[in-house]
Amino acid sequence: MKLIYDKPQSQGVENALRRAKQMVQFRWTPVRRFPQIMRVCTPGEEPSQHHTNFILNNLPQYGLPYSSVRIHEKYIGFNVSFETFVTALHDPRSILYTAPQHWLGKGMAPFYGTVCSAFVSYVCDLPYRVQCQTWTSLPGITPIPSDDLDKLQLCDILLCDKSPEHIMIVTGIGRDAQGHVQRVEVSEETNPQCRCLDYTPEELRLCYLDNPRWHFFIYRYAGIRDVTYTPSPFVYVGGDPDLPAPQYNPSLQANYGEKANYERSEKVILNVLEDGWDEIAVTLPDGTEKTLPIRDMAASLTPTQAGYYSAVCRAGSRVSEPTHWAVTDMKLRGEKTVFAPNEPLRLTVDNPTGDAAFAFIINNYQYNGKKQGFLPAPTAHGAVELPGLPVGEYMAFVVAKNDYGCYRSTRLHFTVEE
């Protein structure tokens, strides 16, 4: 049967589809054993179990890797750029290979990754990732009846916001000559990496819409018409301009990758990637320079200043290409750490770089999301009010953005008591 595929109804929809392809078609190759999580079904396990795994080095991959990086808040597309991810992949001593996250919590594997909600948030060009449980409360979200799939539109969202939570987005619709839907292409982030599958209407119902375990609902996001798109030299999508191929620093790399954000308490390890260098010169945010000796092909420092850094290798008059990173030091404080049930959290943000906090996330002590949202008045220095919660133990942080991506504040630990 010849199928006629729906065309985007706006530039925003076209841009969203291209953003989905960026993540699903992303080609990457680890240079060392790379941490991964596989979802495996075995007899006696219902419905499935997550098993730790590693990808062999030099084995090409498609689709950004799955990892619930909620402890360090390092989601590709928001906190971590494509450039940072790929340059870290090129360094065999980068954080991607030296700090597997398997044992820190459910769904965690590499230090950088993404999850279903971050994937759809990126496709829809939201300011920051929105967890599954929060999607239905977003402005512009409308439920769509699932009894007639002929009314389905590109970029409609499939959401199950009850355990087990999951979210996907429609990226292709094939119809017969009479206009009836015969194929639905769905893109998602799932273990072990992003994928795109097409379903018949019957398969879509059996797998998701009428499945008593999942019971997905369909939603439409009005903001899809405003989605933007920026081509990247690190992932080509059909129709993109012919951008210059990325050039990788052959001499020096910060262990988080090029143009990464570190917190002020984190050690920056500078990996020397070739022989023949005597020292590393670091330029601090205030313009002063610090010289570090090279030992075992590396040097390290724990920065005390927030701001932008760069470093080069030197040997006599020879100087390498620079590597760059930033250090953040945003703090979230409260006058008290015990609140009454549903009492608003009146807190204070202090960010020395001047980047305004614009979003917040509140987790329990297992880093599971309990509440999140966007601040009505973004601020770098001043008061913020977050919604109250029921009795329990929590930790909250706010999110700001600099030239290298989004980053979080310190976490404020607090309890809610009767």
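**Reading helix packing, salt bridges and strands**

Q: At what angle do α1 and α4 pack, and how far apart are their axes?
A: The angle between α1 and α4 is about 140 degrees, and their axes lie 8 Å apart. That makes α1 oblique to α4. Axes are lines fitted to C-alpha atoms, for helices over the stretch in contact, with angles running from 0 to 180 degrees between N-to-C directions. Under 35 degrees counts as roughly parallel, over 145 as roughly antiparallel, 65 to 115 as roughly perpendicular, and the rest as oblique.

Q: What kind of model is this, and how are its residues numbered?
A: It is a predicted model: local features need pLDDT of at least 70, side-chain atom pairs count only at pLDDT 80 or more, and totals for chains, interfaces and linings use all residues. Numbering starts from 1 along each chain as its sequence is written, and side-chain values use heavy atoms, leaving out hydrogens and water.

Q: Which residues of α1 meet α4?
A: Contact means heavy atoms within 4.5 Å. On the α1 side, A16, R19, A20, Q22, M23 and V24 take part. They meet F119, Y122 and V123 of α4. Helices here are DSSP runs (H or I, at least four residues), as are strands (E, at least two), numbered from the N terminus.

Q: How many salt bridges are there?
A: Side chains of opposite charge can pair when their charged atoms come close. A salt bridge needs a side-chain nitrogen of Lys or Arg within 4 Å of a carboxyl oxygen of Asp or Glu. The count comes to 17.

Q: Which residue does D240 bridge to, and what does the pair tie together?
A: D240 pairs with R18; the closest N and O atoms are 2.7 Å apart. D240 sits in the loop between β11 (217-221) and β12 (252-254), while R18 is in helix α1 (residues 11-24), so the pair ties together parts 222 residues apart in sequence. E14, R18 and D240 are linked in a network of salt bridges.

Q: Are D240 and R18 buried or exposed?
A: Buried means under 20% relative accessible area, exposed over 50%, and partly exposed in between (1.4 Å probe, protein chains only). Both D240 and R18 are buried.

Q: Where do E73 and R129 lie?
A: First the bridge: E73 and R129 have their closest N and O atoms 2.9 Å apart. E73 lies in the loop between β5 (61-62) and α2 (82-90), and R129 in the loop between α4 (116-123) and β6 (141-144), so the pair ties together parts 56 residues apart in sequence. E73 is buried, and so is R129.

Q: Which strands do D350 and R333 join?
A: Their side chains meet in a salt bridge (3.6 Å, N to O). D350 belongs to strand β23 (residues 345-350) and R333 to strand β21 (residues 331-334), so parts 17 residues apart in sequence are tied together. D350 is partly exposed, with a relative accessible area of 30%. R333 is partly exposed too, at 41%.

Q: In what order do the strands of the open sheet run?
A: Two strands pair if DSSP finds at least two bridges between them. Here three strands form the open sheet β21-β23-β26, with antiparallel pairing. β21 and β26 (381-386) are the edge strands, each pairing on one side only. Neighbouring strands are turned by 35 degrees against each other on average, direction ignored. β23 and β26 pair over six bridges. V349 stands opposite G382 in β26.

Q: How many disulfides are there?
A: A disulfide is a pair of cysteine sulfur atoms within 2.5 Å. The structure holds zero. The sulfur of C406 is 16 Å from the closest cysteine sulfur, in C124, too far for a bond. C406 is buried at 4% relative accessibility, and C313 is buried at 0%.
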